[in-house]
Amino acid sequence: MSTTVAARLVSLRKDKRISQKDAAKSLGVSQALLSHYENGIRECGLDFLCRASSFYDVSSDYLLGLSDTRIAADTLFDFSDIPQDRELRLNTIFRAAAVLLEKIGKSSNGSAENVRAVYLLTIYKIYVCAVNSGILPKDSRLHDGLVPFISSNMLDHALTGLKTDETAKPKKNVPLPLCLDTVVTESIKLIDEQIAAMYNGSKK
């Protein structure tokens, strides 16, 4: 079996922070067989490869070592619903972002520029957090305290600039794309959990 497939199976499982036993159960194989796959002792079949790609949220090309990019570009920009969109995966978030950008990009009132600013600043805020957490190397362009404050205020300003496009009337009885529905639903749950935690904490 390819050492790349074996190594990536191990790496993806560790990234997911699950035991070999739990991974085997989710993938529908015995722990012994998964161990053989992960150690390169046995060759996995196409059916297992497809299940592993779906479970670990990566492309088959990545698992096979044909690509170093985990996410297949064609799945990001194909806006038809797929079963994986029901789960809050990295791909689901990317697909929801792509759907929103594509739809708002058709706006005629300049909202697209504000949306681009929101996305840029949001990604930059994540980058700053990653640098400050030591996940990414320190960059001399970052100034502790100042950049997060400025980017937060710029993000707030960009969000207030989003206005309703009167010319783009939403179609009736058209459901949200599944990926977007999942992201919105999970975001609301996260907000509710945070509010409940803050409320419970203030009562102590």
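**Close-up 1. R17 in the loop between helix 1 and helix 2.** R17 lies in the loop that connects helix 1 (3–16) with helix 2 (20–27), where helices are DSSP runs of H or I with at least four residues, strands are runs of E with at least two, and both are numbered from the N terminus. The model is predicted, and local features need pLDDT of at least 70, side-chain atom pairs count only at pLDDT 80 or more, and totals for chains, interfaces and linings use all residues. Residues are numbered from 1 along each chain as its sequence is written, and side-chain values use heavy atoms, with hydrogens and water left out. The phi angle of R17 is near 60 degrees, a positive value in a residue other than glycine. R17 counts as exposed because its relative accessibility is 78% (buried means under 20% relative accessible area, exposed over 50%, and partly exposed in between, with a 1.4 Å probe and protein chains only).

**Close-up 2. D57 in the loop between helix 4 and helix 5.** D57 is placed in the loop between helix 4 (46–56) and helix 5 (60–64). Although D57 is not a glycine, its phi is positive, at about 60 degrees. With a relative accessible area of 14%, D57 is buried.

**Close-up 3. E38 and its contacts.** E38 belongs to helix 3 (residues 31–38), and its relative accessible area of 7% is the reason why it is classed as buried. The side chains of E38 and R13 are joined by a polar contact of 2.7 Å; a polar contact is a pair of N or O atoms within 3.5 Å, of which, within protein, one must be able to donate a hydrogen and the other to accept it, and residues adjacent in sequence count only if both atoms are side-chain atoms. When neighbours within four places in sequence are left aside, E38 is in contact (heavy atoms within 4.5 Å) with A6, L9, V10, R13 and Q20.

**Close-up 4. V184 and K189 in helix 10.** V184 is located in helix 10 (residues 178–203) and is partly exposed, with a relative accessible area of 35%. K189 is also placed in helix 10, and at 40% relative accessibility K189 counts as partly exposed. The side chain of K189 makes a polar contact of 3.3 Å with the side chain of E186.
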